[in-house]
Structures are given as structure tokens and as C-alpha cells.
Amino acid sequence: MALNRRLFLGAAAGAIVPAAETSLKPAFAQGAAVSSRSEQDLAYANVSQLRALLDARKVSATELVEHAIGRIEALDSRINAVVVRDFERARTAAREADAALARGERRQLLGIPMTVKESFNVGGLPTTWGLPAGRDWRAAEDAVAVARLKAAGAVILGKTNIAFSIADWQSSNPIYGTTNNPWDLKRSPGGSSGGSAAALAAGYVPLELGSDLSASLRVPAHLCGVFTHKPTSNLVPQRGHAPPRSPAFATDLTNGMGVCGPMARSAADLSLALDVIAGPDDNEPAAYRLQLPAARHTVLKNFRVLVLDGHPLLPVEQEIRSAIDQLANRLVATGVTVARSSSLLPDLAESARLHTRLVRNFAAFGRDPEFFKDIQEKVAALKPDDDSLKAWRTRAPLLSHHEVMAAEIARARLRLQWARLFGEFDVVLCPAFAVTAFPHDHKPDQEQRTIDIDGEIHPYLSLVVWATLATPPGLPATVIPAGQSKSGLPIGVQIMGPLYEDRTTLAFAQLLEREYGGFTKPPEMAR
């Protein structure tokens, strides 16, 4: 059966088969032999460090690839991050990179090993999106973003695990099983780019390619303590980031809400990767080219920062709020202008409802008549004034085309509101997610799941709220590590900026990293 976009968007949740959820300590005791000091240095080196070693011929691309492969083979049986392995072609590409380096060639990523999210087409490798109907299908050619990474010299080792249908904040599916968080194997690494974040935290590779709609980049980065950047809408071509068995059209059913973006262990590497993958699709450069504005500031104290730590529809864990508060206080002490509120802030609750209406509407595209009959019955049971996110998740599949157009106008209005706010501020600091890494919960019906926030139980799907600040208006958002909980779990912070001013959020992230520190190895991985 062909699995086109219509069938994909109508895919019903299937049974998720979790991998073993064992404790962290035994998982890595068996691999202790791979953890020499020199190997640890390579495992957690960033791209610029590896670039310097390669260019100085102090290490070869082949050595980097063999080191990464050895680490994956030694450690990934318990994390389950790299689920599609292309090691032989990677070895060939590494030898070719070494030959190019010997000839004096220099490219941004020449000889750098990396992996990409399973949902991106890589020629010759399977793309399933975790859907049984996609099993064994192989892409004929690379996605645009993958092709650009390869052209810059990156060596693709394989593909990392995802959420079923790339629609969950956990990374588990019937094809590849469950990915575990390197900080605690009993907890989620996030989703849908969870395998990507776990691979970075585990020290397999220094760079990843992921995607984001409802924080599929931002949540895994926060839960695994790594860096990511959700670019401005349409900055990176999505062609080839497509469901299995579907043509790789330059068609975006999310109307610019979905994006492709990099993940790394440093802000500088995010900037480098964005420069590689951003820009018009291959058939468009004759008409226009990309020229992003420079960062607004290069000195930390010159930034004007709005700090948010609460949302009207869902509380935030106190430890996350405390981490953001501590960061805000440190910024004030550094001389940064920091505000805790603004009358220019758009209605966050309405933005969350808008996001929910649009995402749930296009996700219902192509469903069978019985699905819509069931939805009609559920909608009939709702009170007309029910404005909850759950009510809008229920109503959204039945929205008319006129209602969807009205929602697009609301998005345009939202962009104007944010533009006014960014006339007064340069960046907004806020949570990336309301909780730290949570225990695996693979109930097939996500409406039946709940989440514990400081002892109070809330609907699992309400966790979407912090994604909905940047996604509907299409704003850039960078997530960086900001601390740890008392139990030692990572806490990230989201840095939002003005439309097309991706360099501003990335520069601010790099300055924070330089001033206060960045990535920290998971304790057991540091051995």
C-alpha cells in the first residue's frame, strides 16, 4: 500500500513497543573500556574543535568515524538512539574526506561525522516515520537539507529515532522501539527528535538534523541538555522531509509552522549548521537569495530581554522557574536590561488555541468518513463556550476552509503583535517545556496520558503550550542548557527573537554559553 501524505496525516496511533527500560548504571558499566580520556575528548568535542584537528591533520576523518561507530556500538544498545546505521558508506565517505583534506580542500563540515532524524530522506536508507505501513521503504534521493550537509562535507553515519508519526514528546514507535534519555534511561529524551538529542548527549556525534512543529526540536534539547535552533518559518527547505512512500514535493501542509533545524552541543555549531542548510530551495536561487540580518548586538549587556516564566493554561515546574529566575538575576548583575512583563505581549492562551486548531486540522486531512462521523458526535457533546485546548483538539478536524483562512489571518495579526514587542526587546527568555524529563508513558491514546507538575496532575497534551509562542507566528527560537534540577535532570531555556533575526537569538545563546557555561555530560557518560 502506498503511504502518501494523506494517509500519513490520517495515521491512527498504533501499539508502541517499548525497548527495555533499565537503570543507567548497569548500562554503561559494560562499556567502561571505551571511556579513556582521549576518547572522551573526541566524543564531546564540538564541530569547531574537530574542524581544527582535521585541518591540522592531527586526526583523520576515518579516525573520527571509527570512534563514533565504536561508541555507538558500545553504548547504544541501552539508549537506542541510532536506529538506522549506514556505517560502510560512512567509512567510504570518510576516506573520500581524508583524500580531499590531503588535497588542501576545506569545507565547513568536511570529515565531520553526524546523524540525522529518521524522518529525513537519505538516499538508499529507510524512511518510515515509525509507521508500520512505511516499513522497508527506501528513499531514492536525499532531502534538500541532507544534501546540503553532505555537500559541506558531513559524513552521515545513519539516522536517529523518532516519535510515532513524529507526533509525540517521546521517541517510541513499532519499527524501532523506544529511545531512552542518557541522563536517566527510565525517562523520555523528548520527541519527536528524541533520538537526535540522545545521540548528542551520549557523545556519539557533534551535530544533528531535526525538525519542529510542536517543539520537536526544542523539547528534546531541553530534556537532554543540548542546544537546538528552530529557524524562522521557511528558512530551511523541507523538501525530502516527507512521509514514507510519498513524493518529495516542495509542499508544506503546515503553512510554514513546521521547520527543519540543527541540534548540537554548542551555540556556535548551531550557527554553522544553519548557514549550511538555510536558503532557497534548489530551483529558486535564480529568483532570490538569503541574506539574514546580523545579530542586533555582540555584547551581552546591550541586549534588552523580556523574561517569561508562567503560562495562563499550564503551570511550570518550580525548578524550571527557579532556573530561569536565576539566569535573569545573573543577566541583571551583568548589566543587561531585563523586564518581567510587557503590555505588548500577545495573548498566550489564544496563541495556544490557534496552534491547536491549525495543527489538529491539517493532521486530520485524509481521514476516513468514520473518523469524521465520530468527531461530529464528540463535538455535539461539547458546550459551545468550552474554550479549552481539549475542546479545540476535538473541534479542529471539522474546521471549514473559511475558518482555516481566518486562523491564517490570526497568525498574521500575531506576527504584527510580536513585531511591536520586538521593537522594545531584542529577545524573550521563557521555558522550553513545563517539566523536566519524565518517565516513559506509551499509552496509545495521548488523551489518556497525564503529567505530574509539582504534585498536580494535568493533561499530557497541554504540554504543547510553550511551543505555541514561536510556532504560529513563525519566529526563531534557540534552546540552550540553563541548569539542572535537584535530581540532576537538565533544564533548558528558550530564546525567542524577531522574524528572520535568527542570528540575534543565536548570538545571545552564544554569549550566555560563554558567560555562564553550556553543555554538561550526563554523569554516567562522563566516565
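Select Asp 426 and Arg 296: their side chains meet in a salt bridge (3.1 Å, N to O), a term for a side-chain nitrogen of Lys or Arg within 4 Å of a carboxyl oxygen of Asp or Glu. The model is predicted: local features need pLDDT of at least 70, side-chain atom pairs count only at pLDDT 80 or more, and totals for chains, interfaces and linings use all residues. Residues are numbered from 1 along each chain as its sequence is written, and side-chain values use heavy atoms, with hydrogens and water left out.

Asp 426 is buried, at a relative accessible area of 1%, while Arg 296 is partly exposed at 28%. Buried means under 20% relative accessible area, exposed over 50%, and partly exposed in between (1.4 Å probe, protein chains only).

Next, select Asp 168 and Arg 449. Their salt bridge brings the closest N and O atoms to 2.9 Å. Asp 168 lies in the loop between strand 3 (155-160) and strand 4 (172-173) and Arg 449 in the loop between strand 11 (427-431) and strand 12, so the pair ties together parts 281 residues apart in sequence. Strands (E, at least two residues) are DSSP runs, numbered from the N terminus. Both Asp 168 and Arg 449 are buried.

Move on to strand 12 (residues 450-453), which contains Asp 452. Strand 12 runs antiparallel to strand 13 (residues 456-459), joined by four bridges; strands pair if DSSP finds at least two bridges between them. Ile 453 stands opposite Glu 456.

Finish at the turn of this hairpin, where Asp 454 has a positive phi of about 55°.
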